[in-house]
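User: I'm new to this one, could you walk me through it?
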Amino acid sequence: PGVAPAANLLGIRVTDNDGLGDIFTVAQGIVAAVDAGARVINISLGGYATGNVLSAAIAYAVDRGAVIVAAAGNDQLAQLAWPAADSRVVSVGAVDAAGQQVSFSNSDAQLAISAPGYGVQTAWLDQRRVYVDGTSASSPLVAGAIAAVMSANPALTARQAWDVIAASTSDAGAPGPDADYGRGILNLGWAMSRNDPARVDPAVSAHHYDDARSRMDFIVQNRGAQSLSGLTLDVDTNGFTTTYRVPTLAAGASGVITASVDQKTLSATGSIKYITTLNAPIGIVDQDPSNNLKISRLTPPKK
């Protein structure tokens with residue numbers, strides 16, 4: 001109720017029967033999509049070369065209000081494939097069901113966002129459904145999320161809808177934007193509920209090992225619409241629990257709780273298990289308590 005019908009879908013083929021294409025054909029496809037009225041364009045392919053024709057096609061789309069979403073690449077490289085490597089394009093990396101970057105997913109400081117890209121179910125030939133891996137599966141999830149936000153609020157432009165998605169990601173990896181996860185992991189539920197003034201949803205977003213500082217970072221997010229005070233975080237480290245006070249978090253804000261890692265214990269035991277539990281103060285009703293618990297295991301990093 002209250003949600004507009006989903007936008008029409010248009011598929012434009014830019015590859016041959018072997019799945020191969022070229023820059024000129026991809027550029028033609030972008031222009032054709034824009035001329036057909038597309039406001040969100042997904043490109044689940046890429047390569048490591050570009051040219052003026054592709055840059056001009058991206059400019060043509062952006063100048064007319066379209067948002068291009070593209071796969072980061074599946075070569076475990078510290079660079080993005082084109083067209084995802086273009087700064088005007090929303091580049092998408094892949095994570096698994098546990099929210100961890102998949103080993104094949106490309107990384108780069110310019111990566112925009114991550115989304116599921118391992119074991120993703122999709123339609124196939126002969127009315128079958130199959131499971132696929134790759135950032136080519138992650139990219140359309142982000143494109144679809146942008147379209148969903150636009151459908152819920154038709155007054156938004158595609159760029160404004162992308163801004164909503166970008167501001168509503170589940171932080172992962174190092175605190176804040178990083179090369180492995182971009183702004184974080186797609187969280188459509190948060191994006192769609194952002195205008196609910198009564199929503200309360202604190203969450204443990206990530207555990208990150210900071211090797212340079214020999215410490216664990218536990219990232220807490222306020223995914224609700226009102227400021228939250230009085231949160232505490234219980235950190236169980238191999239059976240020993242320490243309780244930390246979480247600073248007041250404004251709506252949409254993140255906080256980081258840090259704990260030193262005992263390297264002697266880590267070397268002696270081979271791993272340290274962390275269980276974090278986020279507690280809301282009495283009288284606060286959390287609409288999604290499922291994201292208040294996170295478990296990870298730290299093993300000695302390879303040097």
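Analyst: What follows goes through confidence, then the sheets, then a pair of helices.

User: Okay, how confident is the prediction over the chain?
Analyst: This is a predicted model, and its chain averages a pLDDT of 93, with 97% of the residues scoring at least 70.

User: Where is the pLDDT below 50?
Analyst: That is the case over residues 1-6, a stretch that has seven contacts in the model beyond near neighbours in sequence. Where pLDDT is low, the predicted coordinates should not be read in detail.

User: On to the sheets, then. In what order do the strands of the parallel one come?
Analyst: The order is E1-E2-E3-E4, four strands that form an open sheet with parallel pairing. At its edges are strand E1, residues 40-43, and strand E4, residues 113-116, each of which pairs on one side only. From one strand to the next, the twist averages 30°.

User: How many bridges join E2 to E3?
Analyst: Three bridges join strand E2, which covers residues 67-71, to strand E3, which covers residues 90-95, and the two run parallel. As for a particular pair, alanine 70 has serine 91 in E3 as its bridge partner.

User: And which strands make up the antiparallel sheet?
Analyst: That open sheet is formed by four strands in the order E10-E9-E12-E13, with antiparallel pairing. Its edge strands are E10, at 240-245, and E13, at 293-298, and each of these pairs on one side only. The twist there averages 20° from one strand to the next.

User: What about E12 and E13, how many bridges join them?
Analyst: Six bridges join E13 to strand E12, residues 272-279, and these strands run antiparallel. Isoleucine 272, for instance, has leucine 298 in E13 as its bridge partner.

User: Switching to helices: at what angle do H3 and H4 pack?
Analyst: Helix H3, made of residues 135-152, and helix H4, made of residues 158-166, pack at an angle of about 110°, and their axes are 9 Å apart. Because of that angle, H3 counts as roughly perpendicular to H4.

User: Is the crossing left-handed or right-handed?
Analyst: The crossing of H3 and H4 is right-handed.

User: Which residues make the contact?
Analyst: On the H3 side they are Val142, Ala145, Ile146, Val149 and Met150, while H4 contributes Ala158, Ala161, Trp162, Val164 and Ile165.

User: How does that contact split by class?
Analyst: The contact of H3 with H4 has ten nonpolar residues, with no polar and no charged ones.

How values were computed. Residues numbered from 1 in each chain as written. Predicted model: local features only at pLDDT ≥ 70, side-chain atom pairs only at ≥ 80, totals over all residues. Heavy atoms only, no water. Pairing = 2+ DSSP bridges. Axes fitted to C-alpha atoms, helices over the stretch in contact; angles between N-to-C directions. Parallel < 35°, antiparallel > 145°, perpendicular 65-115°, else oblique. Left-handed = near helix turned anticlockwise from the far one by under 90°. Contact = heavy atoms within 4.5 Å. Nonpolar A, V, L, I, M, F, W, Y, C, P; charged D, E, K, R; others polar. pLDDT = per-residue confidence, 0-100.
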